[in-house]
Protein chains: 2
Amino acid sequence: MISSKMLELGKKSSVIREIFEYGLKRKAEIGAENVYDFSLGNPSVPAPAKVTEVMKKLIDETPAEVLHGYTSAPGDVKVRTAIAENIKAKFGVDASLANIYMTCGAAASLTITLNAIVEEGDEVIAFAPFFPEYRVFVEQAGAKLVVVSNKTEDLQLDFDAIEKAITPNTKAVIINSPNNPSGVIVPEEDIKKLCQLLKSKQSEYGKEIFLISDEPYRELVFTGEKVAYIPCYYDNAIVCYSYSKALSLPGERIGYIFVAPTVKDSGDVFAAICGSGRALGYVCAPSLMQYTIAQCLNDTADVSIYEKNRNLLYDALTEIGYTVIKPDGAFYMFVKSLEEDANAFYERAKKFDLLIVPSDSFGVPGFVRISYCVDTSLIERSLPAFKSLYEDYQK
Amino acid sequence: MISSKMLELGKKSSVIREIFEYGLKRKAEIGAENVYDFSLGNPSVPAPAKVTEVMKKLIDETPAEVLHGYTSAPGDVKVRTAIAENIKAKFGVDASLANIYMTCGAAASLTITLNAIVEEGDEVIAFAPFFPEYRVFVEQAGAKLVVVSNKTEDLQLDFDAIEKAITPNTKAVIINSPNNPSGVIVPEEDIKKLCQLLKSKQSEYGKEIFLISDEPYRELVFTGEKVAYIPCYYDNAIVCYSYSKALSLPGERIGYIFVAPTVKDSGDVFAAICGSGRALGYVCAPSLMQYTIAQCLNDTADVSIYEKNRNLLYDALTEIGYTVIKPDGAFYMFVKSLEEDANAFYERAKKFDLLIVPSDSFGVPGFVRISYCVDTSLIERSLPAFKSLYEDYQK
């Protein structure tokens, strides 16, 4: 009677969600302070005070019918212009309002982009580990997701595997750096190598391959290192951005798509994005949030807390004996499972009230993801449990 | 290289948008006060003061990481509970939070619902005149839009035509009362008759037919008459609601889907809606707006201004000699074209700087739509132009 595909998607809640729900139950049983819940990627740092001030000032000083009125479908002209100017200043690439389409956050940026560019039979490549919804978004748009595993030792790009995966059907490649779920940043030299490879494949097949940069974690970086900006290295670049993490506004759903002016037939791609947003029911991005972020383009939530958490957790876990892929950004950490089956490891961790996510749902076996966007005190309290879990495996 | 369907959708801006853009140009030439722009359905009345107060109080009193954090995908539990309670109290039908899915406005309510319920080969019926995006939404979801024209004299349902249009492939019927573009309200007796017809067709074909009520204009009614609430009359009812017009918040994108508990396999339909929202990239509805509207469920923007505009315009136009379908709600009015071709009539009106929308894009010939969500003074100033236009046809 209804769409069996959508029913399945709706019924099969994600593994992360299941763990989170278990955590809620367990907290009710033994007290919230005794459950070490590292399951969700929900920013624990508040939005910068400036965001709140700007929001209040807008509410006080703008007529309500303007502030809460429709903007044009791609977004308010002044907001898009401000973002384009900011991109030019920050990254030194060309950009104008004609390249910026405001969205309801990163997921919307991705679904609108994918529906705009793919046609039946197309393939979209993602590198594992990857955000599990990529599969849902790519398949809903009518394409096939092709998964390429990163190297197990450092979760960096495996160029031999990538080269083998690109076919004449490859329409796009998604890159996500800093990465969810691993926190790993792809170094500039690897970005250059990837772009070079894609350029040669474009020539070989006589067609364009889009490189989609899904980068909601761009501002959450601890190394001081600059995260390579794809449009600096590759013409057919589309940036899917969100303010969810940078400004700690995940519930407000605000982000944008930047179709680089260097994209082949950039105007047509932008028009297709407008068509796709329209067909999916996105009338415009939330207006108050559009006007708010436009005044906070150089602000970031207090990332130092995530960095402190990372250092604390990384040092403690490695000292205990765990093998940890050191994350350079975001607020996730990938830790090697202490047995081959990460699901079994997750179950055993649960006995110590440690809630961590087995890596299989991210497309790779043998790891768990720890989301450390939590109170630092929770990490401190959890360390004995991590120690006991480790010792349990030495028996 | 990209999706030709989306490119076409993005390039072909709507007729309304074209007229609006022409209006902007013309205003720059001769002054905004001399252009009588009735093209857009953008609420001219501000949000109630209470909405602003609630919003500011939430910002002042809620920790930012909570207020702007993710809600669960179908929406905040307290918000959904409040809406369900409000539906029960207002309409006397059963409802719980398990039936409420918060959305980014009416367009999202429709696209998420349609993608959840239709499968290839399904037909969805809409009554003309209808909101032109229905076609885009239905076709994107993979179904075929079947258009049934209303009776020309009063734009009310034509039951003979409806009966002929229902087939074993009919998955859903969309009703929109008060109507965009006509402002007409379907009387309760006709709703009963429609539901009766659908019930008998369900029996005849041994399958369910959804009745989707798209009702963003529910609160904009001038007659004192209650707009029939579909779940009171029909089991397989899905209500697509938005606060855009009721609370004058169109840019903020906030609304909901109500899957009546009487719907066959209601839980599965709700799950499919969750899956559909997920696949289309809707992570959650904007959080600040969820919490805001939950405290304003019995508030409405000042509708009396729209009523005043309607009366002024209706009386003046009929006195001049125009044939007008008297609108009972919303902020639209359908006026008979003074020549057969509404597009030619629209072009002639343009010479008098009257910007009105020919009805063809709404699926019926021979009318124009006037959006009277404008300053009352604009209507007053426009009346001589309407008179001159009428006289121009008497020459």
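Helices (H or I, at least four residues) and strands (E, at least two) are DSSP runs here, numbered from the N terminus. With that in hand, chain A turns out to have 14 helices and 13 strands.

## About the model

This is a predicted model, in which local features need pLDDT of at least 70, side-chain atom pairs count only at pLDDT 80 or more, and totals for chains, interfaces and linings use all residues. Residues are numbered from 1 along each chain as its sequence is written, while chains are lettered from A and ligands numbered from 1 in the order in which they are written.

## Chain A as a whole

The radius of gyration of chain A, taken over C-alpha atoms, is 21 Å. The globule rule (2.2 Å times the number of residues to the power 0.38) also gives 21 Å for 395 residues, so chain A is as compact as a globular protein of that length. Its C-alpha trace spans about 65 × 55 × 55 Å along the principal axes.

Of the 395 residues, 53% count as buried. A residue is buried if 20 or more other C-beta atoms lie within 10 Å of its own, exposed if 12 or fewer, and partly exposed in between, with C-beta atoms placed from the backbone.

## Two domains in chain A

By an automatic or database domain assignment, chain A is divided into domain 1 (4–48 + 301–394) and domain 2 (66–294). Their C-alpha centres lie 27 Å apart. The contact between them takes 29 residues from domain 1 and 30 residues from domain 2.

On the domain 1 side, H12 and S10 of chain A each supply at least two residues. That side divides into 18 nonpolar, 7 polar and 4 charged residues. Here Ala, Val, Leu, Ile, Met, Phe, Trp, Tyr, Cys and Pro count as nonpolar, Asp, Glu, Lys and Arg as charged, and the others, Gly among them, as polar.

## The four-stranded sheet

Now for a sheet that includes S10 of chain A. This open sheet of 4 strands has the order S9-S10-S13-S12 in chain A, with antiparallel pairing; two strands pair if DSSP finds at least two bridges between them. S9 (324–325) and S12 (357–358) of chain A stand at the edges with a single partner strand each, so one side of each is left without a neighbour in the sheet. S10 (residues 332–336) and S13 (residues 367–371) of chain A pair over 5 bridges, and A:Val335 stands opposite A:Val368 of S13(A). Helix H12 (residues 304–320) of chain A packs on the sheet, touching S9, S10 and S13, and its direction makes about 5° with that of S10(A). Axes are lines fitted to C-alpha atoms, for helices over the stretch in contact, and angles run from 0 to 180 degrees between N-to-C directions.

In chain B, S10 (residues 332–336) is mostly covered, with 4 of its 5 residues buried. S10(B) pairs with S9 (residues 324–325) of chain B in the antiparallel sense over 2 bridges, and B:Ile325 has B:Phe334 as its bridge partner. The hairpin of these two strands has 6 residues between them, and there B:Ala330 takes a positive phi near 60°. S10(B) also runs antiparallel to S13 (residues 367–371) of chain B, joined by 5 bridges, one of them pairing B:Met333 with B:Ile370.

## Where the chains meet

66 residues of chain B are in contact with 66 residues of chain A. Elements giving two or more residues to the chain B side include H1 (4–11), H3 (49–61) and H10 (266–279) of chain B. H10(B) gives the most, with 10 residues. The chain B side divides into 37 nonpolar, 18 polar and 11 charged residues.

## Local details

A:Val259 is found in strand S8 (residues 255–259) of chain A and is buried, with 28 other C-beta atoms within 10 Å. Leaving aside neighbours within four places in sequence, its contacts include A:Asn99, A:Ile238 and A:Phe270. In the loop between S7 (237–242) and S8 of chain A, A:Arg253 has a positive phi near 55° and counts as buried, with 30 C-beta neighbours inside 10 Å.

Chain B has two cis peptide bonds to point out: B:Ser177 to B:Pro178, with omega about -5°, and B:Asn180 to B:Pro181, with omega about 25°. B:Pro178 is in the loop between S5 (170–175) and H9 (188–205) of chain B, and B:Pro181 lies in the loop between S5 and H9 of chain B.

Key. Contact = placed C-beta atoms within 7 Å.
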